[in-house]
Amino acid sequence: MKFEPYILLIGPISDPMVAIVSEKLTRRDCTLVVLDFQQSAHKWPIAISTGRRGRSGIFRFGARKIPLEAIRSTYVRRGGAIVQENDGEYLRRDQPHHQALFPNLLGWLPGLVMNPYRAACSNGSKPYQQLRITQLGFRMPKTLVTTVPQAAHQFYIECQEKVIFKSLSAERSVVKRLTEEDLPRLDQLQCCPVQFQEYIPGIDFRVHVVGSRVFASQIETSSTDYRYVEKNHFRNIRAVELSSELQEKCVALTKGLGLVLAGIDLRRTFDGDYVCFEVNTSPAFMFYESQTGQRIGAAVAELLFQGQCVESGCYHS
Amino acid sequence: MMIILFGHSNDPIIRGVRSELEAQGHVFAVVDPNDAVFESQLTWDVGSSWNLQLNPGKGKAVEISGSVVTAAFWRSQFPLSPSTTEFWSSQDLSYMAKEGYATLLGLLHGSTCVIVNEPIPGGRSRFFFADYTWERLLEDHSIGIPEMCLATSTTGSTQFCQEVLGKIRILPLGSAVSQKAFANPMGLSDWNYSKSPLCLQAIAPGEWFHMINVGSEVRGGPIAPQIGYGSFETGVEPQFCPSPLITKYLTLSNAYDLEFSESIWMQDEYEQWFCLDWNCVPQLHHWGPAMQQEVLPLLAHLLAPKV
C-alpha cells in the first residue's frame, strides 16, 4: 500500500521558523500537519499506537488518522512548550508527567525527527554540552561554576579581569562582562550556582548546520552579546564561507550531538583559533536568514521533504 | 577514596546501601542534590576539578574533592526544589531549579569516577524501548514489544481498546512509582488525563517476570500477570530465570546505560519474549524480602572501589 508522505510541524504557525518551513513545504508533494501544543495536553487529543510485530501504527490527532509509516519527518520547534493544567491550575512545565509525554511522543514517531528529543535537551546544561563539544574537537573557554564568592573573585583575577557570566541552563540570559561594580554582588552566588567564563575577544560566527549543509554568518559587534545590542553599539551580520575543514567539523559536531539541525556559536580568536560557546538545538534561523539572505528555511524544508540526510547519513533510525 | 550517594537520606535504597557500605568499612557521603547546589560551597573548574563543601559554617561541615570520589550513585529526580523563602518569586525558584539541574548534569558527566545511573539530558522515559531508535537492536536480539498506545484523551484510549485483541494493561506515562490511581482499572473515562497521559498495552497470555539488574548481575523471578493497572509492586523474589531473558534484559539495560534498573517481561505461548515496562528508579518496596537482601549488597559492591 502506498501512502502519501506526511510531514509534522510541531509548534505555532506564528513562529517564523514554522511559518517559513510550512510555506516551502506547501509547494511540495506531501501533506503537512501543524501541531500547535499551546493548549494543555488533554485538550489536543492525540494517540499514537504501535503494532506488536513490525513498526506499523497510527497517529491520531483529533479526527485525523495518519499511518505511522506515512510520516516521513517531523520538525519540532516548541518541544518544551507543551502545557498541562490540573483543575484549572497550571502545572510547572518541568513537571515529571509533562516531561514524560514529549520524549515518548517523539521517540515513537518514525522517520527524520528534527531534532530528536534527547539530543535537543543537551543544551539544558551548558557545561554538559560544552564537555561534549570538547570531546568533538572544539576548544571551550576556561569555565568556572561556583556558589563561592571568593572563588569567582579569584577567577576574575586569574583571567585578568576579563570574565563573562551567563546562565548554566537553556534559560535565555544576556551574556554580560563581570565588572568591578559587580563584585559586591558576588555574595548572592551562595543561593545558586553561576557560570563564569574567560572573555575571549574575537569575531562571532553563527553556523547553521542543516543535515550536511552549512550556512555561516559572521557577526561584528561592539556588544558583549550580539543578540542584544545596547544603545550606541553596532552589529553587522553577513554571510560568509567557512573553510571546508571547519565546515566538516561543524557537521561532525552536529552529528556527534545527535542533531540534524543546529545553530553553532563560534568565536574566531585573533590567532585564528575557533572556540565553540554552545550549540542551539532549536535555532531561530530566520533572524540570520533575514540579515544575510541565506536560504536556511528552504534547506530545512528540503531536508524534511527528503526525510534523510543523503551525505551524512543522519537518518533517525 | 570516597563514594557519593546522591539522594535523600530517607530513601530506603539509600538507607540500605549506606548500611552495606558502613558494614564494609567504605568512606561515603549521602548528598541531597538540592543541598549540593543550593546549600553548599561548590567550586567546579569545568573540564578539570571540583570541590564541594556541605553544611558550610555549620558544625558538621563535610568537604568532598572530586579527585577522591571513586563512585557516585544518582538516586534522585529532577526538577530540584530550591528551599522556598519569601525572598524568591516562583520565577526565581524555577530559574534556580534549572540552573541547579544544569550544574549537576554537567558535573556528573564531567566526573571521571564510576557513576551508577548517570542522569541524561531530558531524563529517561519509561517506555524508551518502544522508540524507533531501538528498533534494530530489538530485532537483532529478538525482543518484542506489545501493541501500545500513548493517549492524551479518553477517545484515544477507548479506540485503542476497541481495535486490539488481548487484555489491556494501563499505565500512567509519567511514573513507575505505584499509584493506586484506578478505582476501576478499566474505567478509562474516569482517568484525569490532565494529570498524565496514559500508556495502554495489549497483552497476550503468557508467563511474566520481574527483573532487576545491578551492573551485569541480574536477579528476578516469575510474577502474576499485571492486567488492568500495572505497577512494579510485585513482591518478586529471586528465582530461576531463563538465560535468554537475562541476555535480552542486559542487552537493553547496557544499551541504555542503566547500571541499576527494574523491568517487566513476558513470554507468550510462542516463546517470544516481550519487554513491557522499565523503571529507571527501582524501589525497594517493589520486591520481596529475600530480593531486597540480595540486591542491596550487590549495589554496595558495584559502588565499592575496585582494588
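Predicted model: local features only at pLDDT ≥ 70, side-chain atom pairs only at ≥ 80, totals over all residues.

Residues count from 1 along each chain as its sequence is written, chains are lettered from A and ligands numbered from 1 in the order in which they are written, and side-chain values use heavy atoms, with hydrogens and water left out.

**Stop 1: strand E1 of chain A**

Select residues 6-10 of chain A, which form strand E1. (Helices are DSSP runs of H or I with at least four residues, strands are runs of E with at least two, and both are numbered from the N terminus.) Five of the five residues are buried, so E1 is largely enclosed by the rest of the structure; buried means under 20% relative accessible area with a 1.4 Å probe, protein chains only.

**Stop 2: a five-stranded sheet**

Next, show the open sheet with order E16-E15-E14-E17-E18 in chain A, where the pairing is antiparallel; strands count as paired if DSSP finds at least two bridges between them. E16 (235-240) and E18 (274-280) are the edges, each pairing on one side only. From strand to strand the twist averages 25°. Zoom in on E14 (203-210) and E15 (213-221), held by seven bridges; A:Val209 and A:Val214 are bridge partners there.

**Stop 3: the largest core**

Which residues have the most contacts inside the largest nonpolar core? Select A:Phe59, B:Phe129, B:Leu252, B:Trp265 and B:Trp278, out of 52 residues in that core. (A nonpolar core is a set of buried Ala, Val, Leu, Ile, Met, Phe, Trp, Tyr and Cys residues joined through side-chain atoms within 4.5 Å.) Helix H2 (96-108) of chain A gives the largest share, five residues.

**Stop 4: where the chains meet**

Finally, colour by chain. In contact (heavy atoms within 4.5 Å) are 64 residues of chain A and 64 of chain B. The chains bury about 5600 Å² between them, 57% of it on carbon and sulfur atoms; that is accessible area (1.4 Å probe) lost on being put together, summed over both. There are two salt bridges between the chains, meaning a side-chain nitrogen of Lys or Arg within 4 Å of a carboxyl oxygen of Asp or Glu. End on B:Lys98 and A:Glu171, whose side chains meet in a salt bridge at 3.0 Å, N to O.

Key. Axes fitted to C-alpha atoms, helices over the stretch in contact; angles between N-to-C directions. Buried < 20%, exposed > 50% of the residue type's maximum accessible area, 1.4 Å probe, protein only. Buried area = accessible area lost by both parts, 1.4 Å probe.
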